[in-house]
Amino acid sequence: MRSGELYCSDLTKVYSESGGKRALDSVSLTIPSRGILALIGMNGAGKTTLVRILATQLEPTSGIVQIDGVDVVKEPKKLRERIATVPQEARPVPWMTPLQTVVSYLLWRGIGYSEARRRGAEAIGKVGLDDQGTKLNRRLSGGQRRKVLVATALAADAEITFLDEPTTGLDPLSRRELWRSLQELAKERFLVLTTHYLEEAEVLADMIAILDNGRLAGVGTLDQLRSLVKYQYSIRLPSSPERPPVTEGTMTTGRDGEIQVLTSEEEAYRISRELLERGVRFSVNRISLDDVFFHLVGSTGVPRQ
């Protein structure tokens, strides 16, 4: 039994219509099944496929996957009693209100009506929809409809919650309000979320998994991911024929033409001084998740906020 762990071994998924291309390619990891796991990667990296498999919505082609010792493929019913999911493509029923949406979901899960009303009102408040609770979903903005779905998952109070790009369409203030709710929920729960916002993964995640074309490029805490990179300072230049004068470190050109230099603190200072003298635009910082992602995947295709 692997109690307290999410365990994947050689997890592979090939869609029949893909011509043999692997949406997931031999993904193996073992991490605690508590706190927040953020999955990041370019579009098509395999994030949604992995979430759907973990949430018992999709069977892998091969490999093993277990949560708390329960085999996701062989014993899906055991897990379904413990999970809640907000899929990327989900939409609330247009002719229902946010409160009705949450309450009806809780009733379906076997919660009594009074408790469902109480939880529904509380969850609607947590995502900032107090004044929209009785308005029809079809009259809400796209971001507000996304909040309704997140409120539904929060109200379920499930042991394991899967959130596929939960903050897409939210304004920066709403996003940060939702972060606080997710952080509170994760104190005693396991949340798995996908995101296109690197800052979101940095702020929220206890563990981060980077996927690239179906393969696991790296997994760990932010500090553990930083340790995958030899040099701890990053210099970034926009697409330009200029090449920085590097004597120590590595230089990478991303898919969008952006140049990244990873180097030591002393060398970063020397290069910065020379670039300033040339009048070249650049940035220099201790390496962030953005830099780690660029180093492992070769692109800044995941936007920062």
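Asp, Glu, Lys and Arg count as charged, Ala, Val, Leu, Ile, Met, Phe, Trp, Tyr, Cys and Pro count as nonpolar, and the others, Gly among them, count as polar. Keep that sorting in mind for the close-ups below, which all come from a predicted model.

**Close-up 1. The second largest pocket and its charged residues.**
How do the residues lining the second largest pocket divide by class? Nine are charged, four are nonpolar and one is polar. The pocket has a volume of about 270 Å³, and 14 residues line it. Look for Glu122, Lys126, Leu154, Asp157 and Leu185, which lie nearest its centre. Three helices each supply at least two residues of this lining: H4 (113-126), H5 and H6 (172-185). H4 gives the most, with five residues.

**Close-up 2. The largest pocket.**
Here we move to the largest pocket, which holds about 350 Å³ of space. Its lining is made of 20 residues, and the ones nearest the centre are Thr85, Pro87, Tyr105, Trp108 and Thr152. Which elements give two or more residues to this lining? They are strand E6 (83-86), helix H3 (98-108) and helix H5 (142-156). Sorted by class, the lining of the largest pocket comes out as 12 nonpolar, four polar and four charged residues.

Rolling a probe the size of a water molecule over the atoms shows where empty space is left. In this model, the search turns up one cavity of 30 Å³ or more. The largest cavity has a volume of about 40 Å³. By class, that makes two nonpolar, three polar and three charged residues.

**Close-up 3. Asp212 on strand E9.**
Find strand E9 (residues 207-212), where Asp212 has its place. Is Asp212 buried or exposed? Asp212 counts as buried because its relative accessibility is 18%, and the cut-off for buried is under 20%. Leaving aside neighbours within four places in sequence, Asp212 is in contact with Ala45, Ala217, Arg255 and Val297.

**Close-up 4. Gly63 on strand E4.**
Gly63 belongs to strand E4 (residues 62-67). With a relative accessibility of 38%, Gly63 counts as partly exposed. Once its neighbours within four places in sequence are set aside, its contacts are Ser9, Asp10 and Leu11. Now zoom out to Thr253: Gly63 and Thr253 are 190 residues apart in sequence, and their C-alpha atoms are 34 Å apart in space.

**Close-up 5. Thr168 in a loop.**
This view shows the loop between strand E7 (160-164) and H6, which is where Thr168 sits. Thr168 counts as partly exposed, at 36% relative accessibility. How far apart are the C-alpha atoms of Thr168 and Gln88? They are separated by 9.0 Å, although the two residues are 80 residues apart along the chain.

**Close-up 6. A charge over a ring.**
Last stop: Arg175 and Tyr197. The charged end of Arg175 sits over the ring of Tyr197, and the distance to the ring centre is 4.0 Å. On the subject of rings, how many aromatic pairs does the structure hold? The structure holds one.

Definitions and conventions:
Residues are numbered from 1 along each chain as its sequence is written. This is a predicted model: local features need pLDDT of at least 70, side-chain atom pairs count only at pLDDT 80 or more; totals for chains, interfaces and linings use all residues. Side-chain values use heavy atoms; hydrogens and water are left out. On a 1 Å grid over the protein atoms alone, a cavity is a set of points where a 1.4 Å probe fits but cannot get out, and a pocket is an open set with protein on both sides within 12 Å along at least five of seven lines; lining residues have an atom within 4 Å of a point. Grid points are joined across faces, edges and corners, and a volume is the space filled by probe spheres set on the points. Helices (H or I, at least four residues) and strands (E, at least two) are DSSP runs, numbered from the N terminus. Buried means under 20% relative accessible area, exposed over 50%, partly exposed in between (1.4 Å probe, protein chains only). Contact means heavy atoms within 4.5 Å. Rings of Phe, Tyr and Trp (its six-membered ring) pair if their centres lie within 6.5 Å; planes under 30 degrees apart count as stacked, over 60 as edge-to-face and the rest as tilted. A charge sits over a ring if NZ of Lys or CZ of Arg is within 6 Å of the ring centre and within 35 degrees of the ring normal.
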